[in-house]
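Biologist: Can you walk me through this one? I'd like to go over how the helices pack.
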Amino acid sequence: MNELFGEHGAFVWISLAAVAIGIAVELWTLRRATR
Amino acid sequence: MTTPHPLWRYASPAHFLPLTGRLLPLLWLLAALGIGAGLTLGLFIAPTDAQQGETYRILYLHVPAAWIAMVCYGAMAFWALWGLAWKTRLAFVLMRALAPTGTLFAVLTLITGSLWGRPMWGTWWVWDARLTSALLLALLYVGFIALTTAVDTPDDPRRGDQAGALLALVGALNLPVLYFSVTWWNTLHQGASINLRGSSIAPQMLAGLLLSTLGFWAYAGAAVLTRARLLLQARVESEARWPRAIGSLA
């Protein structure tokens, strides 16, 4: 993990995860409402 | 009676629904390509920053999120004003459709900003003008959703529309404070690196940032239009029930 984004790599990964989760939740709610 | 401007016809569901139906696949595709290419370039190809090291890569997420959160609220206020002035149903639908996506990006701005701040500033949070006005923006979004949901009645969204529109307009006063906070006050948050006069960052970094921003914009547009279609269809169906209900009373 640290090899890719250096000493503070975890902060970059958690940011990516937060964005991915946020978008996934929004897409899921939109998909559920569309059905 | 004067002829309405050709743009007005798009305020009708009969035009808005087919138009957005054609636009949405393009926006989803643009979102996937822009986010994919922008983040690949930004996270894996762009050079390491001389001062911030690898941690600066969080900005490929933070900066687009912050722009979207801010502009979505501006658009909400624009449609609120439009709806109050001309009473078009579509204006209030768009105002409401913007709120959840704006909330998502406002919260992501705070999370990613905090995750960047801890290793770079040595703190998760400071009460400086930029961060405080960004928090206020997120709270305004949440307040807007709470207010409209609380005021709505099952078959009449107009009270919720008007209450929400007022809050959207009053809350828009926060936008210039948020945008200019880094120049008006001496904040810990850095000033803008990109403006209309140019940019102060390396071309490869800039390309990644612009591509990911384009992708996130397309995503936000697609999500908002999808939600607007759902809200509009629900309203059209709800209004269609009225004549039937009145007919059954007669």
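Modeller: Handedness comes up later, so here's the rule: a crossing is left-handed if the near helix is turned anticlockwise from the far one by less than a right angle, and right-handed if clockwise. Also, helices (H or I, at least four residues) and strands (E, at least two) are DSSP runs, numbered from the N terminus. This is a predicted model, where local features need pLDDT of at least 70 and side-chain atom pairs count only at pLDDT 80 or more, while totals for chains, interfaces and linings use all residues. Residues are numbered from 1 along each chain as its sequence is written, and chains are lettered from A and ligands numbered from 1 in the order in which they are written.

Biologist: OK. How many helices and strands does chain A have?
Modeller: Chain A has 2 helices and 0 strands. Its C-alpha atoms fill a box of roughly 45 × 10 × 5 Å along the principal axes.

Biologist: And what percentage of chain A counts as buried?
Modeller: 20% of its 35 residues. Buried means 20 or more other C-beta atoms within 10 Å of the residue's own, exposed means 12 or fewer, and partly exposed is in between, with C-beta atoms placed from the backbone.

Biologist: Switching topic: how many residues are in the largest nonpolar core?
Modeller: 66 residues. A core here is a set of buried Ala, Val, Leu, Ile, Met, Phe, Trp, Tyr and Cys residues joined through C-beta atoms within 7 Å. Those with the most contacts inside it include B:Met76, B:Leu94 and B:Phe105. α2 (9-34) of chain A is one of the elements that each supply at least two residues, and α3(B) gives the most, 17.

Biologist: What does B:Leu94 touch, beyond its sequence neighbours?
Modeller: Leaving aside neighbours within four places in sequence, B:Leu94 is in contact with B:Trp79 and B:Ala228.

Biologist: Now the packing. At what angle do α3(B) and α5(B) pack?
Modeller: About 60°, with axes 11 Å apart. Axes are lines fitted to C-alpha atoms, for helices over the stretch in contact, and angles run from 0 to 180 degrees between N-to-C directions. The pair is therefore oblique; under 35 degrees counts as roughly parallel, over 145 as roughly antiparallel, 65 to 115 as roughly perpendicular and the rest as oblique. The crossing is left-handed. B:Phe92, B:Met95 and B:Arg96 of α3(B) make the contact with B:Asp161, B:Gly164, B:Ala165 and B:Ala168 of α5(B).

Biologist: And how do α4(B) and α5(B) cross?
Modeller: At roughly 160°, with axes coming within 8 Å, so they're roughly antiparallel. That crossing is right-handed. The contact has 7 nonpolar, 5 polar and 1 charged residues.

Biologist: Last one: where is B:Lys87?
Modeller: In the loop between α2 and α3 of chain B. B:Lys87 counts as exposed because it has 11 C-beta neighbours inside 10 Å.

Terms used: Contact = placed C-beta atoms within 7 Å. Nonpolar A, V, L, I, M, F, W, Y, C, P; charged D, E, K, R; others polar.
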